[in-house]
Amino acid sequence: MHRSNPAIVSVVLPTFNRLRFLRPAIESVYAQTFSDWELIIADDGSDLDTRQYLQSLANHPRVMVVWLPHTGRPSMVRNAALQRAVGEYVAFLDSDDLWAARKLERQIETLRARPNCRWSYTAFLRVDGSGNPLPEEIHRRWVPHEGDIFEQVVTGRASIRTPSVLATRQLIAQAGGFDEAMLSGEDYDLWMRLALYSEVAVVNEPLVYVRLHDENHTRDWQSAYLGRDRSLSRGQQFVGSERRSLLREERVRNALKLAATYALLGAQGRMLRVLWKSLPYSWTYPRWWLSALKTVLRPHLPSRLLEFYRKRRHGA
């Protein structure tokens, strides 16, 4: 990389293969109307074709490629790129997603008009492998939350996708970057910490296209629950008593969901282990006892009784 002056925006892009999506993702960076950016691509041990393509970009004055052995951990790959970032702001883009041309421009102007906000996110559209909006997007309701959104992030009411986020580099450093111990949910974990230190500004325009396809990065489904549990548990040390209660309640709910999923899969042993491990922080919640009892007894209840409880729950 030969750039003499630091860029205003450092774009962090982790990748592992998926060359057919990587090319248009990078092209969407080059197409930005805000042009004062640097692109830091962290390659997680991709195949030869992908490495050759990245090598062809490596001598561009605004592009840096960080070559890594394969880890399979997006948090580690993103952090490797973050360590090289020098911009005032950092924007995140995944290797299979796309930005609208005015994405960076709109967020930069929004943050500069809101000095109390040190990060921003935008609305998004979900698209298929060819970049076409999914049919269900017509009916999906997206509610923007801005200002102090810690509670909304914790409870999942704030719908934030990684490629929609732009934050000051100092804020990300203050929050500690991505938690490399997490196999899943590391983005949610970071947004929660960003929300602790700063209000957020929303650009209520779909400036990001999140691609859903058969090559999406997948993990064991359990890791999403385990990552969320780690995030909620660790977060309690950084907050006051009111927010600590919120995090604990969400941790209880997360454990119950994991136990119920194991029960539906017939994994009774794992279900019981989840309930047992959650007991120390859940036993004071009557809801935990009721839900745990239903989960344990569910395989033994007649189907008619289960349907009765279901109708009662939904007010039928």
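Here is a chat about ring pairs, charges over rings and a cavity in a predicted model.

Biologist: How many aromatic pairs does the count come to?

Modeller: The count comes to 9 aromatic pairs. Take Phe 92 and Trp 191, a tilted pair.

Biologist: Why is the pair of Phe 92 and Trp 191 called tilted?

Modeller: Their planes are 55° apart. Stacked needs under 30 degrees and edge-to-face needs over 60, so this pair falls into the rest, which is tilted. The centres are 6.0 Å apart, and the limit is within 6.5 Å, so the two rings do count as a pair.

Biologist: What makes this pair a link between distant parts of the chain?

Modeller: Phe 92 is in strand 4 (residues 89–92), while Trp 191 is in helix 7 (residues 186–197), and the two are 99 residues apart. Both Phe 92 and Trp 191 are buried. Ring pairs also join Phe 92 and Trp 191 with Phe 178 in a cluster.

Biologist: Where in the chain are Tyr 121 and Trp 142?

Modeller: Tyr 121 is in strand 6 (residues 117–127) and Trp 142 is in the loop between strand 6 and helix 5 (150–155), 21 residues apart. Tyr 121 and Trp 142 are buried.

Biologist: How do you know that the charged end of Arg 62 sits over the ring of Trp 37?

Modeller: The charged end of Arg 62 is 3.8 Å from the centre of the Trp 37 ring. The rule asks for CZ of Arg within 6 Å of the ring centre and within 35 degrees of the ring normal, so a charge listed as sitting over a ring meets both. Arg 78 is listed that way too, over the ring of Phe 178 and 5.4 Å from its centre.

Biologist: What did the search of the whole structure find in the way of cavities?

Modeller: It found 1 cavity of 30 Å³ or more. The largest cavity has a volume of about 40 Å³.

Biologist: Which helix gives the most to the lining of the largest cavity?

Modeller: Helix 7 does, with 4 residues. Helix 7 and helix 8 (221–235) each supply at least two. The lining includes Asp 189, Met 192, Arg 234 and Phe 238.

Notes. Residues are numbered from 1 along each chain as its sequence is written. This is a predicted model: local features need pLDDT of at least 70, side-chain atom pairs count only at pLDDT 80 or more; totals for chains, interfaces and linings use all residues. Side-chain values use heavy atoms; hydrogens and water are left out. Buried means under 20% relative accessible area, exposed over 50%, partly exposed in between (1.4 Å probe, protein chains only). On a 1 Å grid over the protein atoms alone, a cavity is a set of points where a 1.4 Å probe fits but cannot get out, and a pocket is an open set with protein on both sides within 12 Å along at least five of seven lines; lining residues have an atom within 4 Å of a point. Grid points are joined across faces, edges and corners, and a volume is the space filled by probe spheres set on the points.
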